[in-house]
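I wanted a quick pass through this one before setting anything up. Here are my notes, in the order I looked things up.

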Amino acid sequence: MIVLVTDFGAVDPYVGQMHAAIRSRVDTPVIDLLHDMPAYDVRRGAYFVDALQHGFPRGTVFVCVVDPGVGGDRAPVMMKADGKWYVGPDNGLFNIVERRASRVETFQIDWRPEHLSASFHGRDLFAPVAAGLSIGTLPQCTPRPLTETSAWPDELPEIIYIDHYGNAMTGIRADALVARAVVRVRGHRLERGTTFSASPAGEPFWYRNSLDLVEIALREASAADVLGLEIGDRIEVTGSLLGGES
């Protein structure tokens with residue numbers, strides 16, 4: 001299968017154009033996993049891409065596009081990590097997946113289509129490459145390492161995404177925290193909850209979400225609205241398995 005993860009939004013024509021570029025070449029199923037990644041936000045997107053890829057089988061091809069440098073000098077790349085392919089820009093978006101994978105191969109994509117828009121490599125370059133990979137066809141490419149990102153931590157103590165319920169996902173894996181850990185954000189102190197139904201109404205909490213990330217939530221209400229949370233807000237943790245405060 002081919003899985004699309006972008007910051008394109010769902011109301012513009014871009015996602016449909018990517019589907020057309022893929023389906024005009026192959027019959028591989030295409031899944032729209034997420035199209036409201038934080039716009040232009042490669043750093044936070046890198047942690048989110050790693051969280052999203054878990055649970056998909058080997059052989060899945062991810063097309064991930066958060067690409068503010070499209071048309072510039074960043075290279076198009078494809079990466080095979082633990083049996084899954086990732087296609088997109090070499091701007092750091094795949095670096096957390098690479099760091100956490102057991103086996104990785106990375107390539108610069110040298111193939112170019114007859115027509116390549118300066119502003120839409122998702123449709124013209126990444127989608128056709130993903131279509132080929134889904135049936136075992138590699139484009140012309142050159143092995144090369146991904147461009148290194150500087151000083152990105154193993155766990156990102158920030159809010160990286162807010163869903164339509166107002167739940168705020170962080171870039172911290174839940175396994176990095178002990179059960180009694182206390183999370184602080186914007187002056188609020190949060191203890192761990194297990195489920196929404198077990199949490200008192202009106203009392204915000206953190207919990208392990210379905211992506212195994214630390215998420216801040218509020219029963220039957222928007223934690224983002226009530227606590228005033230925004231993407232990028234810093235998270236402080238007492239009780240991290242990685243040591244003291246994080």
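This is a predicted model: local features need pLDDT of at least 70, side-chain atom pairs count only at pLDDT 80 or more; totals for chains, interfaces and linings use all residues.

Entry 1: I started with the largest pocket, which holds about 270 Å³ of space. Its lining has 14 residues, and those closest to the centre are Asp-7, Phe-8, Asp-67, Val-70 and Ser-119. I then sorted the lining by type and got nine nonpolar, three polar and two charged residues. Which element gives the largest share of that lining? Helix H4, residues 121–134, does, with three residues. That sent me to H4 next.

**Entry 2: helix H4.** Where is H4 kinked? I found the kink at Ala-127, about 30°, shortly before the proline Pro-128.

Is H4 mostly enclosed or open? Twelve of its 14 residues are buried, so the rest of the structure largely encloses the helix. The buried set starts with His-121 and Gly-122, then runs from Asp-124 through Leu-125, Phe-126, Ala-127, Pro-128, Val-129, Ala-130, Ala-131 and Gly-132 to Leu-133. I also looked up what covers these residues. The cover includes strands E1 (2–6), E3 (61–65), E4 (76–81), E5 (84–89) and E6 (104–109), along with helix H1 (14–23). After H4 comes Gly-136, with a positive phi near 85°.

**Entry 3: Pro-128.** Pro-128 is part of helix H4, and its relative accessible area is 9%; that is under 20%, so Pro-128 counts as buried. Leaving out residues up to four places away in sequence, Pro-128 touches Arg-25, Trp-111 and Arg-123.

**Entry 4: helix H2.** H2 covers residues 42–53, twelve in number, and reaches 16 Å from first C-alpha to last, close to the 16 Å expected at 1.5 Å a residue. Eleven of the twelve residues of H2 are buried, so this helix too is largely enclosed by the rest of the structure. I listed the buried ones as Val-42, Arg-44, Gly-45, Ala-46, Tyr-47, Phe-48, Val-49, Asp-50, Ala-51, Leu-52 and Gln-53. Just after H2, Gly-55 has a positive phi of about 95°.

Entry 5: Asp-82 is not a glycine, yet its phi is positive at about 50°. It sits in the loop between E4 and E5, and Asp-82 is partly exposed at 31% relative accessible area. Glu-220, also not a glycine, has a positive phi near 55°. Its place is the loop between strand E13 (213–217) and H5. Is Glu-220 buried or exposed? At 75% relative accessibility, Glu-220 counts as exposed.

**Entry 6: Asn-95.** This residue lies in helix H3, residues 95–100. Asn-95 comes out as buried, at 7% relative accessibility. Beyond its neighbours within four places in sequence, Asn-95 contacts Leu-146, Thr-147, Glu-148 and Thr-149.

Entry 7: Ala-168 belongs to strand E9, residues 168–173, and is buried with 0% relative accessible area. What does Ala-168 touch, not counting residues up to four places away in sequence? I got Ile-159, Tyr-161, Ile-162, Val-214, Glu-215, Ile-216 and Leu-229. The C-alpha of Ala-168 is 10 Å from that of Leu-227, 59 residues away along the chain.

Glu-230 is in the loop between helix H5 (223–227) and strand E14 (236–240). At 48% relative accessibility, Glu-230 counts as partly exposed.

Terms used
Residues are numbered from 1 along each chain as its sequence is written. Side-chain values use heavy atoms; hydrogens and water are left out. On a 1 Å grid over the protein atoms alone, a cavity is a set of points where a 1.4 Å probe fits but cannot get out, and a pocket is an open set with protein on both sides within 12 Å along at least five of seven lines; lining residues have an atom within 4 Å of a point. Grid points are joined across faces, edges and corners, and a volume is the space filled by probe spheres set on the points. Helices (H or I, at least four residues) and strands (E, at least two) are DSSP runs, numbered from the N terminus. Ala, Val, Leu, Ile, Met, Phe, Trp, Tyr, Cys and Pro count as nonpolar, Asp, Glu, Lys and Arg as charged, and the others, Gly among them, as polar. The bend at a residue is the angle between axes fitted to the seven residues ending there and the seven starting there. Buried means under 20% relative accessible area, exposed over 50%, partly exposed in between (1.4 Å probe, protein chains only). Contact means heavy atoms within 4.5 Å. The expected span of a helix is 1.5 Å times one less than its number of residues.
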